[in-house]
Amino acid sequence: MKHYSLLFLALIFILSACSTTPEDHARVFSVKGKYEDVWDDVKNALIDRGLVINNVAHISKMLDRTGKDLGYKKRVYLNARALEFCSASVSRKTMEADPSNIVYCPYIISVYETTKEPGKIYVAYRHVTPTGSAESRKALKALGELVGGIVKDGVSQ
């Protein structure tokens, strides 16, 4: 029985060491304002860098539409959309450095307003942890700076 207790404690330790926090996987900013204004500011910050939006995901509409069919009554968002985009030069460098860096493409910035906090607009993106070779770390750092810069410019308008 003692061995099982030690194994259990070891497992708890390993799981706690591997747990993630929001800071590990996402960067989230918030501003007070109107959703459409913040959405436009983020979109313009992206376009001002010469980037093109590949897709707009209408997340709140999808959840509202499918929630009814699945029996969910609670609304999570008043508004929520995500911008998907890419940068040919940044993508090229990250993928030449390590082909598995394809997982970072397309880049996504989410803009949302929750039902619990109307008027507080969140702007979030996936945190990129520079890993791999020196070349890969350098390229991934540039990717993080690009997306982070777009978000910071968008929320500071």
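A salt bridge is counted here when a side-chain nitrogen of Lys or Arg lies within 4 Å of a carboxyl oxygen of Asp or Glu. The model is predicted, so that local features need pLDDT of at least 70 and side-chain atom pairs count only at pLDDT 80 or more, while totals for chains, interfaces and linings use all residues. Residues are numbered from 1 along each chain as its sequence is written, and side-chain values use heavy atoms, with hydrogens and water left out.

**Exercise 1. Salt bridges within helices**

Find the partner of K141 in a salt bridge, and state how the two residues are placed in their helix.

Step 1. K141 pairs with E145, and their closest N and O atoms are 2.9 Å apart.

Step 2. The structure holds seven salt bridges, and another of them joins D40 to K43, with an N to O distance of 3.8 Å. D40 and K43 are three residues apart in helix α3, so they too are separated by about one helical turn. D40, at 30% relative accessibility, is partly exposed, and K43, at 25%, is also partly exposed.

Step 3. In helix α5, E96 and R92 lie four residues apart, about one turn of the helix; their closest N and O atoms are 3.5 Å apart in a salt bridge, and both residues are exposed.

**Exercise 2. The disulfide and a serine beside it**

Locate the disulfide, describe its handedness, and identify what S91 touches.

Step 1. The structure holds one disulfide, a term that stands for a pair of cysteine sulfur atoms within 2.5 Å. This disulfide joins C86 to C105, with an S to S distance of 2.5 Å.

Step 2. The pair links distant parts of the chain, since C86 is in strand β3 and C105 is in the loop between α5 (88-97) and β4, 19 residues apart.

Step 3. The torsion about the S-S bond is about -125°, so the disulfide is left-handed.

Step 4. C86 is partly exposed at 22% relative accessibility, and C105 is partly exposed at 25%.

Step 5. S91 lies in helix α5 and is buried, with a relative accessible area of 8%. Apart from neighbours within four places in sequence, S91 is in contact (heavy atoms within 4.5 Å) with C86, C105 and Y107.

**Exercise 3. The largest nonpolar core**

Step 1. A nonpolar core is a set of buried Ala, Val, Leu, Ile, Met, Phe, Trp, Tyr and Cys residues joined through side-chain atoms within 4.5 Å. The largest one has 25 residues, and those with the most contacts inside it are F85, I109, V111, V123 and I150.

Note on methods. Buried < 20%, exposed > 50% of the residue type's maximum accessible area, 1.4 Å probe, protein only.
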